[in-house]
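Dear colleague,

Please find the structure below, followed by a short account of what was found in it.

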Amino acid sequence: MAYLDFAEPAAALAPIAPRHDLVPAKPSLTPLEWSVVALAQRDSLSSLRAPSRLATAFATIFGGNNGGTRLADPRLEALRRVSVHAWYHGFAIPESEIDRFYEAGFDVEQLELVVTSISRGRSQRRRRSF
């Protein structure tokens, strides 16, 4: 049998405040990060490799961008690299790129959001081509 202390009724009937910290936040990206994901669609897999000495020499002599589509912000560059892999290979992203993505401050939910969004874009692109 349960015991209720009626000596202090106010404490027993006090409302329990809802805990908002128990509701998980939806994963999201900033508009700038979404633009990086969209721009990564145009990048090739070769943009993920470091430019060779020859490419650097030609870019120095003849001008050009040296294949440099790298972003100055390491966080955005990690997002770009994961996005390029996802545009070409879907969910088959190298573990080293995923580790770099996490080290840049992103989390698992954001990775799933990016790859799922890109997968939808890939399937829509395939449907339009038929």
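Are Phe101 and Phe106 buried or exposed? Both Phe101 and Phe106 are buried, where buried means under 20% relative accessible area and exposed over 50%, with partly exposed in between (1.4 Å probe, protein chains only).

This is a predicted model, in which local features need pLDDT of at least 70 and side-chain atom pairs count only at pLDDT 80 or more, while totals for chains, interfaces and linings use all residues. Residues are numbered from 1 along each chain as its sequence is written, and side-chain values use heavy atoms, without hydrogens and water.

There are 2 aromatic pairs in the structure (ring centres within 6.5 Å; planes under 30 degrees apart are stacked, over 60 edge-to-face, the rest tilted). The ring centres of Phe101 and Phe106 lie 4.4 Å apart with planes at 10°, so this pair is stacked. Tyr102 joins Phe101 and Phe106 in a cluster linked by ring pairs. Over the ring of Phe106 sits the charged end of Arg75, 3.8 Å from the ring centre (the criterion is NZ of Lys or CZ of Arg within 6 Å of the centre and within 35 degrees of the ring normal).

Phe101 is also among the residues with the most contacts inside the largest nonpolar core, which has 19 residues (buried Ala, Val, Leu, Ile, Met, Phe, Trp, Tyr and Cys joined through side-chain atoms within 4.5 Å). Beyond its neighbours within four places in sequence, Phe101 is in contact (heavy atoms within 4.5 Å) with residues including Ala78, Leu79 and Leu111.

Yours sincerely

Technical notes:
Rings of Phe, Tyr and Trp (its six-membered ring) pair if their centres lie within 6.5 Å; planes under 30 degrees apart count as stacked, over 60 as edge-to-face and the rest as tilted.
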